[in-house]
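Have the structure open while you read, and check the points against it as you go.

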Amino acid sequence: MRIQIDKSIKTPLYKQIAEQIQSQIISGEIPDGFQFPSERQLADTLGVNRTTVLNAYKELKADGLLTSHVGRGTIAVKETAPAVRKTESRKEPMWEYLFSDYLKNRDTFDVNKYLEMANQKDVISFAAGIASFENPPIQAFKGMEHDLLSNPKGLLVSPVAGFSSLRKVMASYMQKRSCFCHPSEIMIVSGSQEGIDLAARAFVNPGDIVLIEEPSFFPAIQSFRAMGARLMAVPMENDGMDMKILEQLLIRYHPKLIYTMPTYHNPCGVCMSTAKRVRLLELAGKYAIPILEDDPYSELSFEGQTTAPLKTMDKNGNVIYLSSFSKTIYPGLRLGWICADKKLIHHFSSIRQLVDLHSCCISQQIVERFIVNGEMEKYVEFIRREYRERRDMMVDALKQYAPFELSFAIPDGGYYLWCRLPDGLSADLLASQAAKNGVAILPGMPAYLTKQKGESYIRLNFTFPPKDKIVYGIKILCDVIRKLLMAHQEDEPWHDNEINPIL
C-alpha cells in the first residue's frame, strides 16, 4: 500500500488517503482481504491526526471498499462500489408512479388506431374525420418550390402567432364572413386541436367546471380532462344544445368555459338554430362565461348559403373563435386559426411558445397564397358539391341496405352521419366485427362523458372513403349489423308470458 500526503493542496487529507486507497483496491494493487493497519498505526506512519484516518476509513466503508470484522480488523473488499454495482443491475423506472397528473387525467381512447386503420390499403374507412384524398387542391401547391427558393427567409422561423401577412389575410377572410376583426386578434395554430389545448391551458385549473355538448368532439373532452377539468354535459337536441339545461347549469355551478360546435356538429351533424345562438350569447353575457366556438365545418354547407359563425353575433367579446384549414384545403396541412381579443391572443402566444413555438412555415405560405390568388374560394365551392354527392350516396345506401331499426338524420353540411343502432346492438362489438370485414367505423362511446351512453351510436364519415367504395362499404357494414342482430335474437332467453295462479 502506497500513500503520499500533500499538505500544500486544498484537497482534505482524509480525501487524499481515501482516494489513493480506493484506486489501489479497484486496480487490484491492494488485494481482496488485505488487512489494513489500525487508525492509530496508519496515522503515526503518515504523520497525521488519527481522526483523519478514521474519516478516510469511514468513506471507504460507505463505498463498500472496506469492511471491519471483530478479531480481523479492517480489510479490503475487492468488489466495486455500490454505485457501480447498481449501474450494472439497472432496472426500468416504475413509470406509473412517476407520471404527472396531466398524463394521468388523459382520456385513454386512442384515435391513432383509427387513423392507422384508415391508411390501410384494403380497409374502407368511415371512421376517421379526414377530407377526401381523391381531389387534392393541386393548384395550392403548384409553383410552391419556386416561391420557397425565391424567399428562403420564410423557411427560417415564424412569429409565435403566425406570419403577419397571413394574419392580415385571415382578418380579411373573417370579414367576408361578417366577422370584423383586426390582425392582432388572429393567431395561426396547428389545427383546431391545438387551439382547444391552448384554451384549456389558459382557463382551466384542476377542479374547474367546463360545460360541453353531449355528444361532443372527443379530443376536446380529452384536452379538458387532461387539465383536470370537471366536465358537465348539456344534452343535444335537433337544433343544438338544450338551453334550459344550460341555464340551470350556469346558475348552479358558474363554470369557467362553455365549449360548443354550433355548425355541423361533430359527431352528430346538428346545426344550432338562430334562436338558440341568440339565447346562448345572452346567457354567456349574463353570467360572464366565455364561449369556445369550434367551427371547422361551417364552410361545408350543402344547402345554399353558409351559416355565419356564432362569433359574428357576439357583441360583448365572449366568443373565442376557432377554425381549421385541415377540413377544407388538405388534412396534412395541420393549420388553423383563433380569432379572439388581442389580450387573449397575447396570452395564448405565451403558452404556445412553450409547446411548439409556431406553426409550419410552409403550410402558412401555402394557405396565404391559396387565399390571396382566389383559388381557395373556388376549391371550397368544388368540395361542397363533391361532399354533398358523397353524403347522398351514403344516405341512399343506408336506406337500401340498413335494417329499419337503424336511424339517422341527414346533415345539411359537414362530414358525418350520426347513426343510432338497433336496440341491443353494441357499437363496440359492431366496430370490431366490421373491421374484420374490411370496414372501419367510429363507435359513439368517446363522444360521451359516460361511455355507456354512446354504446348505441356510430359515426360514419362520407368524405374520406373513395367514392366508388361508399356503397360497397355500407352494404358490408349493414350485412354485419344484420348478422349481429340475428345472433342477439337467438341468444335472448325465452320468457313464458302466461300468468300462473299464485297459491
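Predicted model: local features only at pLDDT ≥ 70, side-chain atom pairs only at ≥ 80, totals over all residues.

1. Start with the packing. The largest nonpolar core has 98 residues, and Phe224, Ile338, Leu398, Leu430 and Leu460 have the most contacts inside it. As background, nonpolar side chains in soluble globular proteins tend to be buried together.

2. I get 1 cavity of 30 Å³ or more in the structure, and the volume of the largest cavity is about 50 Å³. Its lining includes Ser216, Phe217 and Phe218, Asn266 and Pro267, Trp418, and Leu442, Pro443 and Gly444. Pro446, Ala447 and Arg459 are also among the lining residues. Sorted by class, that lining has 8 nonpolar, 3 polar and 1 charged residues.

3. His265 sits in the loop between strand 9 (257-260) and helix 14 (274-286). Is His265 buried or exposed? It counts as buried, because its relative accessibility is 1%, below the 20% cut-off. Leaving aside neighbours within four places in sequence, His265 is in contact with Glu213, Pro215, Ser216, Met236 and Val270. Ser216 turns up again here: it is in contact with His265 and is also one of the residues lining the largest cavity.

4. On the cysteines: the structure holds 0 disulfides. For Cys360, the nearest cysteine sulfur is that of Cys361, 6.5 Å away, whereas a disulfide needs the sulfurs within 2.5 Å. Cys361 is likewise in no disulfide, with the sulfur of Cys360 as its nearest, 6.5 Å away. As for accessibility, Cys360 counts as partly exposed at 40%, while Cys361 is buried at 7%.

5. Finally, Leu60, in helix 3 (residues 50-62). Leu60 counts as buried, at 1% relative accessibility. Beyond its neighbours within four places in sequence, Leu60 is in contact with Ala18, Ile21, Gln22, Leu65 and Leu66. Ala76 is 16 residues from Leu60 in sequence, and their C-alpha atoms are 9.3 Å apart in space.

Technical notes. Residues numbered from 1 in each chain as written. Heavy atoms only, no water. 1 Å grid on protein atoms, 1.4 Å probe; cavity = no way out; pocket = protein on both sides within 12 Å on 5 of 7 lines; lining within 4 Å. Points joined across faces, edges and corners; volume = space filled by probe spheres on them. Nonpolar A, V, L, I, M, F, W, Y, C, P; charged D, E, K, R; others polar. Core = buried A, V, L, I, M, F, W, Y, C linked by side-chain atoms within 4.5 Å. Buried < 20%, exposed > 50% of the residue type's maximum accessible area, 1.4 Å probe, protein only. Helix = DSSP H or I, 4+ residues; strand = E, 2+ residues; numbered from the N terminus. Contact = heavy atoms within 4.5 Å.
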